[in-house]
Amino acid sequence: MNETDPAAAESGRAHAAASDQLLARVIREESARIVAALTGWLGSLDLAEESVAEAIEEALRQWRTRGVPPNPGGWLTQAARHNALDRLRREKRYREKLAMLADPPEAAPLTGEPDERLPLLFGCCHPAISPDAQLALTLRAICGLTTAQIARATLAPESTVAQRIVRAKRKIGATGIPLRIPEGSERAARLDIVLTVVSVMYSEAHLVAGGDAAADRDLADDALWLARVVAHQLPREAEAQGLLALLLFHRAREGARAVDGELVLLADQDRTRWDRRLIAEAQAVLEEAAMLRRPGRWQLHAAIAACHSDTRDGGDTDWLQVLTLYDMLLAYDRSPVVRLNRAVALAEVDGPQAALDEVDALGRALAGYHLWHAVRARMLRHLGRRDEAMAEDLCALELTANDAERRLLEARVDR
Amino acid sequence: MSQYAILIYEDPAFYETMPPEGWAAVVDAHNTFTKQVSELGGSLTGGGALAPVTTATTIKGGGTVTDGPFVQSKEALLGYYVVEARDLDHAVDIGKLCPANGGGVEVRPIVNPSTNPF
Amino acid sequence: MKYVIMFTTTPELDAAASPEHVEQAYRRTFDWFGMHSEVMTESGAQLQPVTTATTVRYGGEEPVVADGPFSEAREVIGGFQVIDVPDLDAAIAIVKTWPLLELPGVAVEIRPIVVY
């Protein structure tokens, strides 16, 4: 569409157009640092974030066709600063601020300096902000997604996402939510919220319309990147390492999980498609975490994923080990979804009837969750109760919004 | 004389849709009200305007922190006054003059710390 | 920053607590106020029970006076206190130690005070 734009065509000859992946990589490296620096300068996260978001929109428009400039951080900082000053002059409520401003910060430094992204991240994931807004604001302020990208990636209407972000930013400003890394007894609970947001970000990647829609940002990439940032910045926090290990294990299986847009169950996955390099990294991170001697739910989730990663085929899983880890996990997380996953391991150790009893006990909490019906169907099928199993599979099918998952369930119903 | 709290409850939408001139009028109305209280023989001992309900944070048992107000209703508590009045009728007469066009006010006696039941 | 902290309860849930427990928890609220006296401003009040509330409702030609609280919500405000602390986290840290939070149905709402 830019063929009619002479400037773009001109520069297009000199620079290669940037791919979505490259843009994502460059922008998420810069976004949070610039938001943090401008927030310090302007004294307003709302204004700083808005100005950076606008700069990112401009960058995407230009860089997509003309390529990424040599100093993208400097480019974005300059553009964001310009946008901020523009708003200060234009909007009455900001005008007083203009006279009080110190010299603007230069392009955010890329190395050496203490990382300002973490305090910003803890602010975005404050418990006084609703979970949906925590995710949306983190995606925009930290990962540098545009509102439209967030809307596509989380299946929410763009106006809803925009409203969540504005509300959350204003709340941070108006309510005096501090942008800092909590210390002492508060740290663990607050870190868990951050890690939960990162984990939800990763899961959202698998819930995108159809499961195979071509979104221009892969939230799984963003989540893995953010898990790395947090783990790197907080090397003594075992749970931050645990989440990184967990996401690495999942990422390693990605190539086998979806083949030609079709989902493949863990037991049936072709192990040769697993990324051994990522699995080795995950194992190393998890071992480092264990040495800190501060167990927690993310490390246990990762340890369970590690058990599966040790298998050569679906048949040699150490289910007793998996079940033991789930039992330990229950001490930290008794949520119905964890208990449902534990039931799958229980079936392998104590048989399908024991597992079905446990699954039935979760019916009240999970009746609207398609995987509850899918797991129940599996147990019923193992017990030879085929008609009931079929009915449960149909229920699961009705409840899933994801095309790839639907095809997997359809294949089972046809059988 | 006894102390009463005048709790101002209004529909937040009433203010969200108000043009900036309207805000100035609201501030004027409150300034007028503070004068009227002494004309009626009462006195103001406290008061405050609360930030919009979107800034609310709730803490529940066990220390759970959540976004949003605890009291869920169409009209939200947006401000309060503490007045000295002879009796409830006097306090209600004062309350009738309190600006709250987007809803109304609730008048509640205050526990006197010196006669606190505990 | 100044925040109003609103002490709220759900009366129908309060009934579940034993009177001794309630009284004992209330006693500790005095220590709580003492312990945090440096952040307490002069503005604050413990309200009489919601059964003592009178409502003035606007909207018609004349304000209408009626018995009962304004809000029909299940939750009611029992009192409020304005505190002056550096930020929301400081407010949350103090509120988390409010002795009545251990009673069922009790919650505390925090909102910034508008400064004109």
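Here are some friendly notes on this predicted model, chain by chain and contact by contact.

1. Let's begin with chain A. This chain has 415 residues, and 43% of them count as buried. Its secondary structure comprises 21 helices and 2 strands. If you look at contacts within chain A between residues at least 6 apart in sequence, 64% of them join residues at least 24 apart.

2. Domain 1 covers 1-105, and domain 2 is written in pieces, 119-176 + 186-211 + 218-224. Domain 3 then spans 235-333, and domain 4 takes 345-415.

3. Next, have a look at where domains 2 and 3 of chain A meet. Their centres, taken over C-alpha atoms, are separated by 24 Å. Domain 2 of chain A puts 9 residues into the contact, and domain 3 of chain A puts in 8 residues. On the domain 2 side, helix H10 (187-204) and helix H11 (219-233) of chain A each supply at least two residues. H10(A) gives the most to that side, with 6 residues. Sorted by class, the domain 2 side has 7 nonpolar, 1 polar and 1 charged residues.

4. Which residues touch the most other members of the largest nonpolar core? They are Val198(A), Ala223(A) and Ile6(B), in a core of 169 residues. The element that gives the most to this core is helix H2 (residues 20-42) of chain A, with 11 residues. As background, nonpolar side chains tend to be buried together in soluble globular proteins.

5. S1(C) runs antiparallel to strand S5 (residues 76-84) of chain C, and 8 bridges join the two. Within that pairing, Lys2(C) stands opposite Asp84(C).

6. S1(C) also pairs with strand S6 (residues 107-112) of chain C, again in the antiparallel sense, over 6 bridges. To locate this pairing on screen, find Phe7(C), whose bridge partner in S6(C) is Val108(C).

7. How many residues does each chain bring to the contact between chains B and C? Chain B brings 42 residues and chain C brings 43 residues. Several elements of chain B each supply at least two residues to its side, among them strand S1 (2-10), strand S2 (43-49), helix H3 (88-97) and strand S6 (103-109). S6(B) provides the largest share of the chain B side, 7 residues. By class, that side has 24 nonpolar, 13 polar and 5 charged residues.

8. S3(B) and S6(C) run antiparallel and are joined by 4 bridges. One pair to look for is Thr57(B) with its bridge partner Ile110(C) in S6(C).

9. Finally, chains A and C also touch. This contact takes 6 residues from chain A and 5 residues from chain C. The chain A side divides into 4 nonpolar and 2 polar residues, with no charged ones.

Technical notes. Residues numbered from 1 in each chain as written. Chains lettered and ligands numbered in written order. Predicted model: local features only at pLDDT ≥ 70, side-chain atom pairs only at ≥ 80, totals over all residues. Pairing = 2+ DSSP bridges. Contact = placed C-beta atoms within 7 Å. Nonpolar A, V, L, I, M, F, W, Y, C, P; charged D, E, K, R; others polar. Core = buried A, V, L, I, M, F, W, Y, C linked by C-beta atoms within 7 Å. Buried ≥ 20, exposed ≤ 12 C-beta atoms within 10 Å, placed from the backbone. Domains from an automatic or database assignment.
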